[in-house]
Amino acid sequence: MAHSEFYVRINQKDKAIAAAQKALNSGKNKLFVLNGLAQIHFHFKNYGQAEKYVDNALIIDEESTVALFLKGQIQMHQSKFFKAFDSFDKIIQINPYNARAHYYKAICIREKGARQIPGQDVYRAAAGLLDKPELYEARMVKDHLIAATLL
């Protein structure tokens, strides 16, 4: 994988992928290599292939924060902010102190709005903001950004 990372840095996509494939074929550290392959494809904006490798990594370990984070980033690039919201939320459930997940979750809320995310009506009602979705979204964004800066 070190060879692969070197080729990514010098912008040689084919050699980077070939080196990572060789590492994958060795059978060692399969989760690490799958995440690496996904990151390579993501770096070169091949989101479909990146998602394929992330999904394979999540089959091995459904709580892999590296894979979940990359999955969320891929979904954001595909403008699937609701799904990305869920990916970052899973990371926060696993590790509430993950500042990057809080930050990207805030971006997802800002892009699509919490009022459109299924199940948020209950939380808005509990906050006393059922009739003011904009205020609720602003509060959620603020809370996640504060969490991201303080963690």
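This is a predicted model: local features need pLDDT of at least 70, side-chain atom pairs count only at pLDDT 80 or more; totals for chains, interfaces and linings use all residues.
Residues are numbered from 1 along each chain as its sequence is written, and side-chain values use heavy atoms, without hydrogens and water.

Helices were taken as DSSP runs (H or I, at least four residues), numbered from the N terminus. Helix α5 (residues 65-77) packs against helix α7 (residues 99-112) at an angle of about 20°. Their axes, fitted to C-alpha atoms over the stretch in contact, with angles from 0 to 180 degrees between N-to-C directions, lie 11 Å apart. The two helices are therefore roughly parallel (angles under 35 degrees). F69, Q73 and M76 of α5 meet R100, A101, Y104, I107 and C108 of α7 (contact: heavy atoms within 4.5 Å). Six of the residues in this contact are nonpolar, one is polar and one is charged. Here Ala, Val, Leu, Ile, Met, Phe, Trp, Tyr, Cys and Pro count as nonpolar, Asp, Glu, Lys and Arg as charged, and the others, Gly among them, as polar.

S87 lies in helix α6. At 6% relative accessibility, S87 is buried (under 20% relative accessible area, 1.4 Å probe, protein chains only). Beyond residues up to four places away in sequence, S87 touches L68, K71, G72 and Q75.

I40 contacts S4, V8, A16, I17 and A20, leaving aside neighbours within four places in sequence. I40 is also among the residues with the most contacts inside the largest nonpolar core, together with L37, V54, F88 and C108. That core has 36 residues (buried Ala, Val, Leu, Ile, Met, Phe, Trp, Tyr and Cys joined through side-chain atoms within 4.5 Å).

Terms used. Angles under 35 degrees count as roughly parallel, over 145 as roughly antiparallel, 65 to 115 as roughly perpendicular and the rest as oblique. Buried means under 20% relative accessible area, exposed over 50%, partly exposed in between (1.4 Å probe, protein chains only).
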